[in-house]
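Here is a short report on side-chain contacts. Look at the sequence and the model first, then read on.

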Amino acid sequence: KWKVVSQKLLPLVWSCRYDTPLVLTIVKILVILTKPLSAAAKKAGRLVIDVKSGKVPEDVIQGQIKLRDNALEQNEMLVDYKRTFVHHPSHIAKSKSGKGGPGAKKSPRGQDDKQEEGGGLLSIFVSLLAEPLSKTGTERTDADHLTIELVLHLFRNLLSAEPIMTGTAEKSCQSAVLHQELISLFERELVLDVFLVLAQELESRENAQYNLLLMEILHHLLRTQVCWLFALFVRRIRQHKSQFPLSHFVML
(Lines give C-alpha, C1' and ligand atoms only; values in the text may rest on other atoms or scores of the structure.)
Protein backbone atom coordinates (compact mmCIF):
# COMPACT_ATOMS: atom_id res chain seq x y z
CA LYS A 1 0.00 0.00 0.00
CA TRP A 2 2.73 2.46 0.97
CA LYS A 3 5.29 0.79 -1.33
CA VAL A 4 7.94 0.96 1.37
CA VAL A 5 10.05 -1.76 -0.25
CA SER A 6 10.08 -0.37 -3.78
CA GLN A 7 10.22 3.35 -2.95
CA LYS A 8 12.21 3.42 0.29
CA LEU A 9 14.19 0.31 1.21
CA LEU A 10 15.56 -0.85 -2.15
CA PRO A 11 16.57 2.65 -3.30
CA LEU A 12 18.36 3.05 0.04
CA VAL A 13 20.22 -0.24 -0.47
CA TRP A 14 21.20 0.85 -3.97
CA SER A 15 22.41 4.33 -3.01
CA CYS A 16 24.19 3.21 0.20
CA ARG A 17 25.55 -0.14 -1.00
CA TYR A 18 29.00 0.49 0.48
CA ASP A 19 27.52 1.05 3.96
CA THR A 20 27.50 -2.58 5.13
CA PRO A 21 25.87 -2.02 8.57
CA LEU A 22 23.02 -0.06 6.96
CA VAL A 23 22.50 -2.66 4.24
CA LEU A 24 22.42 -5.45 6.84
CA THR A 25 19.79 -3.54 8.83
CA ILE A 26 17.65 -3.23 5.70
CA VAL A 27 18.13 -6.95 4.99
CA LYS A 28 16.69 -7.72 8.42
CA ILE A 29 13.62 -5.61 7.60
CA LEU A 30 13.27 -7.22 4.16
CA VAL A 31 13.44 -10.72 5.65
CA ILE A 32 10.55 -9.85 7.99
CA LEU A 33 8.48 -8.22 5.23
CA THR A 34 8.99 -11.11 2.79
CA LYS A 35 8.41 -13.87 5.34
CA PRO A 36 6.34 -16.67 3.76
CA LEU A 37 2.73 -17.12 4.81
CA SER A 38 2.03 -19.62 7.56
CA ALA A 39 0.17 -22.85 6.82
CA ALA A 40 -2.90 -21.42 8.56
CA ALA A 41 -2.84 -18.28 6.39
CA LYS A 42 -2.52 -20.36 3.21
CA LYS A 43 -5.46 -22.49 4.33
CA ALA A 44 -7.50 -19.35 5.00
CA GLY A 45 -6.66 -18.02 1.53
CA ARG A 46 -8.06 -21.19 -0.07
CA LEU A 47 -11.13 -21.29 2.15
CA VAL A 48 -14.42 -22.10 0.41
CA ILE A 49 -17.17 -20.10 2.10
CA ASP A 50 -20.72 -21.42 2.25
CA VAL A 51 -22.95 -18.40 1.65
CA LYS A 52 -25.92 -20.13 -0.02
CA SER A 53 -27.04 -22.96 2.26
CA GLY A 54 -28.11 -20.69 5.10
CA LYS A 55 -26.65 -23.10 7.65
CA VAL A 56 -23.72 -20.84 8.56
CA PRO A 57 -24.42 -17.76 10.72
CA GLU A 58 -23.83 -14.42 9.00
CA ASP A 59 -21.22 -13.28 11.53
CA VAL A 60 -19.21 -16.48 10.92
CA ILE A 61 -19.39 -15.94 7.15
CA GLN A 62 -18.18 -12.36 7.51
CA GLY A 63 -15.31 -13.52 9.71
CA GLN A 64 -14.32 -16.15 7.15
CA ILE A 65 -14.45 -13.61 4.32
CA LYS A 66 -12.23 -11.24 6.30
CA LEU A 67 -9.71 -14.01 7.03
CA ARG A 68 -9.60 -15.07 3.39
CA ASP A 69 -9.27 -11.51 2.08
CA ASN A 70 -6.45 -10.75 4.54
CA ALA A 71 -4.57 -13.91 3.52
CA LEU A 72 -4.97 -13.16 -0.20
CA GLU A 73 -3.85 -9.57 0.32
CA GLN A 74 -0.73 -10.68 2.20
CA ASN A 75 0.01 -13.23 -0.50
CA GLU A 76 -0.36 -10.65 -3.28
CA MET A 77 2.00 -8.36 -1.39
CA LEU A 78 4.66 -11.11 -1.20
CA VAL A 79 4.37 -11.76 -4.94
CA ASP A 80 4.62 -8.02 -5.56
CA TYR A 81 7.85 -7.89 -3.50
CA LYS A 82 9.22 -10.70 -5.67
CA ARG A 83 8.25 -8.79 -8.81
CA THR A 84 9.88 -5.63 -7.43
CA PHE A 85 13.21 -7.40 -6.96
CA VAL A 86 13.10 -9.09 -10.37
CA HIS A 87 12.15 -5.93 -12.27
CA HIS A 88 14.43 -3.56 -10.37
CA PRO A 89 15.93 -0.98 -12.80
CA SER A 90 19.48 -2.14 -12.07
CA HIS A 91 18.63 -5.66 -13.24
CA ILE A 92 16.81 -4.45 -16.34
CA ALA A 93 19.68 -2.11 -17.29
CA LYS A 94 22.21 -4.88 -16.76
CA SER A 95 20.31 -7.40 -18.89
CA LYS A 96 20.14 -4.86 -21.74
CA SER A 97 23.70 -3.53 -21.64
CA GLY A 98 25.84 -5.98 -19.66
CA LYS A 99 28.57 -3.44 -19.11
CA GLY A 100 29.19 0.19 -18.40
CA GLY A 101 29.38 2.86 -21.03
CA PRO A 102 32.11 5.46 -21.53
CA GLY A 103 30.28 7.88 -19.28
CA ALA A 104 30.07 5.55 -16.29
CA LYS A 105 30.27 7.34 -12.97
CA LYS A 106 32.94 6.64 -10.41
CA SER A 107 32.20 5.25 -6.99
CA PRO A 108 33.81 6.64 -3.79
CA ARG A 109 36.35 3.83 -4.11
CA GLY A 110 37.40 4.95 -7.57
CA GLN A 111 35.78 2.02 -9.36
CA ASP A 112 33.19 2.13 -12.13
CA ASP A 113 29.73 2.56 -10.73
CA LYS A 114 28.14 -0.84 -10.15
CA GLN A 115 24.96 0.22 -11.85
CA GLU A 116 26.91 0.61 -15.08
CA GLU A 117 29.57 -2.00 -14.58
CA GLY A 118 27.44 -5.07 -14.11
CA GLY A 119 26.35 -5.55 -10.51
CA GLY A 120 22.61 -5.31 -9.98
CA LEU A 121 20.68 -4.96 -6.75
CA LEU A 122 21.00 -8.63 -5.81
CA SER A 123 24.79 -8.47 -6.20
CA ILE A 124 24.84 -6.11 -3.22
CA PHE A 125 23.33 -8.83 -1.03
CA VAL A 126 25.68 -11.43 -2.51
CA SER A 127 28.66 -9.22 -1.68
CA LEU A 128 27.65 -9.33 2.00
CA LEU A 129 28.51 -13.05 1.96
CA ALA A 130 32.05 -12.71 0.58
CA GLU A 131 33.84 -12.16 3.88
CA PRO A 132 31.75 -14.54 6.07
CA LEU A 133 32.04 -17.41 3.58
CA SER A 134 35.79 -16.90 3.26
CA LYS A 135 36.18 -17.87 6.93
CA THR A 136 36.30 -21.48 8.07
CA GLY A 137 36.07 -23.28 11.39
CA THR A 138 36.26 -21.12 14.49
CA GLU A 139 37.26 -18.08 12.43
CA ARG A 140 33.61 -17.62 11.46
CA THR A 141 31.97 -15.51 14.16
CA ASP A 142 28.35 -15.32 15.30
CA ALA A 143 28.02 -12.08 13.33
CA ASP A 144 29.21 -13.91 10.20
CA HIS A 145 26.65 -16.68 10.72
CA LEU A 146 23.90 -14.09 11.23
CA THR A 147 24.81 -12.34 7.98
CA ILE A 148 24.79 -15.61 6.02
CA GLU A 149 21.46 -16.69 7.50
CA LEU A 150 19.81 -13.33 6.84
CA VAL A 151 20.82 -13.23 3.18
CA LEU A 152 19.87 -16.88 2.62
CA HIS A 153 16.49 -16.32 4.26
CA LEU A 154 15.87 -13.35 1.96
CA PHE A 155 16.65 -15.48 -1.10
CA ARG A 156 14.44 -18.29 0.26
CA ASN A 157 11.57 -15.87 0.84
CA LEU A 158 11.75 -14.50 -2.70
CA LEU A 159 11.79 -18.00 -4.18
CA SER A 160 8.84 -19.17 -2.07
CA ALA A 161 6.50 -16.32 -3.04
CA GLU A 162 3.73 -17.63 -5.30
CA PRO A 163 -0.03 -17.01 -5.63
CA ILE A 164 -2.26 -19.05 -3.32
CA MET A 165 -5.04 -18.98 -5.90
CA THR A 166 -4.00 -18.72 -9.54
CA GLY A 167 -7.59 -18.58 -10.76
CA THR A 168 -6.93 -18.47 -14.49
CA ALA A 169 -4.37 -20.07 -16.80
CA GLU A 170 -3.04 -16.60 -17.62
CA LYS A 171 -2.33 -15.81 -13.96
CA SER A 172 -0.70 -19.21 -13.47
CA CYS A 173 1.52 -18.59 -16.49
CA GLN A 174 2.48 -15.14 -15.20
CA SER A 175 3.51 -16.66 -11.86
CA ALA A 176 5.64 -19.32 -13.59
CA VAL A 177 7.32 -16.72 -15.82
CA LEU A 178 8.11 -14.50 -12.83
CA HIS A 179 9.64 -17.46 -11.00
CA GLN A 180 11.84 -18.35 -13.99
CA GLU A 181 12.88 -14.70 -14.31
CA LEU A 182 13.98 -14.77 -10.69
CA ILE A 183 16.02 -17.92 -11.26
CA SER A 184 17.66 -16.35 -14.32
CA LEU A 185 18.43 -13.29 -12.24
CA PHE A 186 19.95 -15.47 -9.52
CA GLU A 187 22.25 -16.98 -12.14
CA ARG A 188 23.35 -13.58 -13.49
CA GLU A 189 23.94 -12.13 -10.03
CA LEU A 190 25.90 -15.23 -8.83
CA VAL A 191 23.29 -16.22 -6.25
CA LEU A 192 23.19 -19.77 -7.64
CA ASP A 193 26.97 -19.92 -7.29
CA VAL A 194 26.60 -19.11 -3.59
CA PHE A 195 24.14 -22.00 -3.20
CA LEU A 196 26.58 -24.28 -5.01
CA VAL A 197 29.51 -23.27 -2.80
CA LEU A 198 27.50 -23.89 0.36
CA ALA A 199 26.13 -27.20 -0.94
CA GLN A 200 29.64 -28.44 -1.69
CA GLU A 201 30.71 -27.71 1.89
CA LEU A 202 27.66 -29.01 3.76
CA GLU A 203 29.72 -31.46 5.77
CA SER A 204 31.85 -28.65 7.19
CA ARG A 205 30.97 -27.85 10.76
CA GLU A 206 30.60 -24.13 10.08
CA ASN A 207 27.99 -24.82 7.36
CA ALA A 208 25.97 -27.53 9.10
CA GLN A 209 23.38 -25.10 10.45
CA TYR A 210 22.35 -24.07 6.93
CA ASN A 211 21.40 -27.58 5.79
CA LEU A 212 17.64 -27.28 6.28
CA LEU A 213 17.56 -23.78 4.84
CA LEU A 214 19.43 -24.93 1.73
CA MET A 215 16.99 -27.83 1.37
CA GLU A 216 14.11 -25.34 1.41
CA ILE A 217 15.87 -23.21 -1.20
CA LEU A 218 16.47 -26.26 -3.39
CA HIS A 219 12.81 -27.24 -3.06
CA HIS A 220 11.63 -23.83 -4.24
CA LEU A 221 14.18 -23.76 -7.05
CA LEU A 222 12.99 -27.08 -8.44
CA ARG A 223 9.30 -27.15 -7.48
CA THR A 224 8.13 -26.29 -11.00
CA GLN A 225 10.48 -28.72 -12.75
CA VAL A 226 9.75 -32.17 -14.19
CA CYS A 227 11.85 -34.57 -12.10
CA TRP A 228 12.62 -37.12 -14.81
CA LEU A 229 13.76 -34.38 -17.21
CA PHE A 230 16.04 -32.98 -14.56
CA ALA A 231 17.54 -36.42 -13.86
CA LEU A 232 18.00 -37.05 -17.60
CA PHE A 233 19.78 -33.71 -18.03
CA VAL A 234 22.22 -34.46 -15.19
CA ARG A 235 22.88 -37.92 -16.62
CA ARG A 236 23.71 -36.52 -20.06
CA ILE A 237 26.07 -33.95 -18.55
CA ARG A 238 27.96 -36.70 -16.73
CA GLN A 239 28.17 -38.77 -19.90
CA HIS A 240 29.56 -35.93 -22.00
CA LYS A 241 31.53 -34.33 -19.16
CA SER A 242 30.28 -30.94 -20.27
CA GLN A 243 30.24 -27.69 -18.35
CA PHE A 244 26.90 -25.91 -18.11
CA PRO A 245 25.80 -22.82 -16.18
CA LEU A 246 24.07 -23.82 -12.96
CA SER A 247 20.86 -22.10 -14.12
CA HIS A 248 20.41 -24.81 -16.77
CA PHE A 249 19.58 -27.25 -14.00
CA VAL A 250 16.61 -25.16 -12.85
CA MET A 251 15.30 -23.89 -16.19
CA LEU A 252 14.56 -27.15 -18.03
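## A partly exposed arginine

R83 is partly exposed, because its relative accessible area is 31%. The cut-offs are these: buried means under 20% relative accessible area, exposed means over 50%, and partly exposed lies in between (1.4 Å probe, protein chains only). D80 is also partly exposed, at 37%.

The side chains of D80 and R83 form a salt bridge, 3.4 Å from N to O. A salt bridge here is a side-chain nitrogen of Lys or Arg within 4 Å of a carboxyl oxygen of Asp or Glu. Both residues belong to helix α4 (residues 58-86). They sit 3 residues apart, about one turn of the helix. Helices are DSSP runs (H or I, at least four residues), numbered from the N terminus.

## About the model

This is a predicted model, in which local features need pLDDT of at least 70, side-chain atom pairs count only at pLDDT 80 or more, and totals for chains, interfaces and linings use all residues. Residues are numbered from 1 along each chain as its sequence is written, and side-chain values use heavy atoms, leaving out hydrogens and water.

## Other salt bridges

The salt-bridge rule gives a count of 4. One of them joins E216 and R156, at 2.9 Å from N to O. This pair links distant parts of the chain: E216 is in helix α12 (residues 211-222), R156 is in helix α9 (residues 142-160), and they are 60 residues apart. E216 is partly exposed at 35%, whereas R156 is buried at 11%. Shared partners join E131, K135 and D144 into one salt-bridge network.

Is K135 buried or exposed? K135 is buried, with a relative accessible area of 19%. E131 counts as exposed, at 52%.

## Aromatic rings

The whole structure holds 4 aromatic pairs. Rings of Phe, Tyr and Trp (its six-membered ring) pair if their centres lie within 6.5 Å; planes under 30 degrees apart are stacked, over 60 edge-to-face, and the rest tilted. F85 and F125 have ring centres 6.3 Å apart and planes at 45 degrees, so this pair is tilted. F85 lies in helix α4 and F125 in helix α7 (residues 121-127), so the pair ties together parts 40 residues apart in sequence. Both F85 and F125 are buried.

The rings of F155 and F195 are edge-to-face, because their planes stand at 75 degrees, with centres 6.2 Å apart. F155 is in helix α9 and F195 in helix α11 (residues 191-200). Both F155 and F195 are buried. Together with F186, F155 and F195 form one aromatic cluster.

Key. Helix = DSSP H or I, 4+ residues; strand = E, 2+ residues; numbered from the N terminus.
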